[in-house]
Amino acid sequence: MLRTNIEYVKKCRFVVASGTFDGYDVPHQPSNISIRSKKLFCFLMVVDEVSLKFIKKNVTVRKDRDKGMWVGIWRLIPLKHLPYDEPRRNGKVPKILTHRLFPEAQYSIWIDGKMELIVDPLLILERYLWHDKHTYAIARHKHHKSIYEEADANKRIKRYARPLIDLQMNIYYYEGMEPWSLKKNTISDVPEGAIIIREHTALNNLFNCLWFNEVNLFTPRDQLSFGYIVYRLRGLFKFFMFQNCEYNSLFVLHLHTREHSSKVEWIKSLSEFKGNGSSMKESRGGFGLWTPYPKNLDSVILPPVVRTSKAG
């Protein structure tokens, strides 16, 4: 991160953060933002070099006297020397580790790059955090409550290599992660991760680091690991999971500029990663998928999944 950007984000106590990697999105301008929020919040858009070139080619980017780059209300924060080969895994860095990129922030609202915010961020903090004294809020998934349902859907719509998703689920099930049921203390194990609203407390920061560890070790599908970390913390982590219909009232959803496409998404068996296929392995992420698990997983039988929705 450039020094001018480092100095800028040091001043940010309230942050609306977003990001785009590999040129999949352009910044969408928020609407209905109050004068108070414009003064209080920093709107920070994290981008890689590919996305920065794409944005400069397709929208107007202005520079201030400190060489900071802006697209409307968004301050562009370019990142170099990215940790992963996979753009979607890189995108999880600003999304989950917001408190590490912007350490002076007290509150943050993360929105995916394809989202257009249409509600004042102060109203979002009041509704989802302050009113009922929550510190962490996230929307529930529209269709799934169990991570095993979500994993099944990810395999069907080819969001990542099927055998690697299975391996991640086998490990979680072996370690005691049961499918969601009414016996659990949460309304769902699967979030809609396109928005995360949080106060940067010590426990929330710990949760985010543990969540990111799973994304780093296994697949970049963060919805598969959120509920597992909640389970491992044994009730210590408290959060507010709001209804998906409310999530849809906060944003306008835009399509990506192009579809994600990776050969890894079409893999059906681990044998396809051997020989010439070894080049499809990520070189800097997902090492937990290729490190032998210390226990025998051959006897693990994943719980059956009832497909309650055709929508994934």
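This is a selection-by-selection tour of one predicted protein model.

**Ground rules**

The model is predicted: local features need pLDDT of at least 70, side-chain atom pairs count only at pLDDT 80 or more, and totals for chains, interfaces and linings use all residues. Residues are numbered from 1 along each chain as its sequence is written, and side-chain values use heavy atoms, with hydrogens and water left out.

**Stop 1: the whole chain**

Select everything. The protein chain has eleven helices and eleven strands. Both are DSSP runs numbered from the N terminus: helices are H or I with at least four residues, strands are E with at least two. The radius of gyration is 20 Å, close to the 20 Å from the globule rule for 312 residues, so the chain is as compact as a globular protein of that length. That radius is taken over C-alpha atoms, and the rule is 2.2 Å times the number of residues to the power 0.38.

Along the principal axes, the C-alpha atoms fill a box of roughly 60 × 50 × 35 Å. The accessible surface is about 15,500 Å², and 53% of this surface belongs to carbon and sulfur atoms. The areas come from the Shrake-Rupley method with a 1.4 Å probe; for residues, only the protein chains shown count as cover. Of the 312 residues, 53% count as buried. Buried means under 20% relative accessible area, exposed over 50%, and partly exposed in between (1.4 Å probe, protein chains only).

Among contacts with a separation of 6 or more, 82% are between residues 24 or more positions apart.

**Stop 2: the sheet**

Nine of them form an open, mixed sheet in the order β3-β4-β5-β2-β1-β6-β9-β8-β10. Two strands pair if DSSP finds at least two bridges between them. At the edges stand β3 (62–63) and β10 (240–242); each has a single partner strand, so one side of each is left without a neighbour in the sheet.

Zoom in on β3. Two bridges join β3 to β4 (residues 69–71), and the two strands run antiparallel. Pick R62: its bridge partner in β4 is W70.

**Stop 3: helices on the sheet**

**Stop 4: strand β6**

Select β6. Five of its five residues are buried. In a regular strand the side chains alternate between the two faces of the sheet. Here Y107, I109 and I111 point one way, and S108 and W110 the other.

Then look at the partners. β1 and β6 pair in the parallel sense over four bridges; F14 has Y107 as its bridge partner in β6. Five bridges join β6 to β9, and these strands run antiparallel. W110 stands opposite I196 in β9.

**Stop 5: salt bridges**

Side chains of opposite charge can pair when their charged atoms come close. The structure holds 13 salt bridges. Each is a side-chain nitrogen of Lys or Arg within 4 Å of a carboxyl oxygen of Asp or Glu.

- Select D222 and K92: their side chains meet at 3.7 Å, N to O. The pair links distant parts of the chain, 130 residues apart: D222 is in the loop between α9 (202–217) and α10 (223–232), K92 in helix α4. Both residues are buried.
- Select E7 and K10: the bridge is 3.5 Å, N to O. E7 is partly exposed at 36% relative accessibility, and K10 is partly exposed at 43%.
- Select D189 and K184: the bridge is 2.7 Å, N to O. D189 is buried at 4%, while K184 is partly exposed at 25%.
- Select E86, R88 and E265: salt bridges with shared partners join them into one network.

**Stop 6: V264**

Finish at V264, in the segment after β11 (251–253). Is V264 buried or exposed? V264 is buried, with a relative accessible area of 9%. Leaving aside neighbours within four places in sequence, V264 contacts Y160, A161, F273 and M280. Draw a distance to K56, 208 residues away along the chain: the C-alpha atoms are separated by 30 Å.

Notes. Contact means heavy atoms within 4.5 Å.
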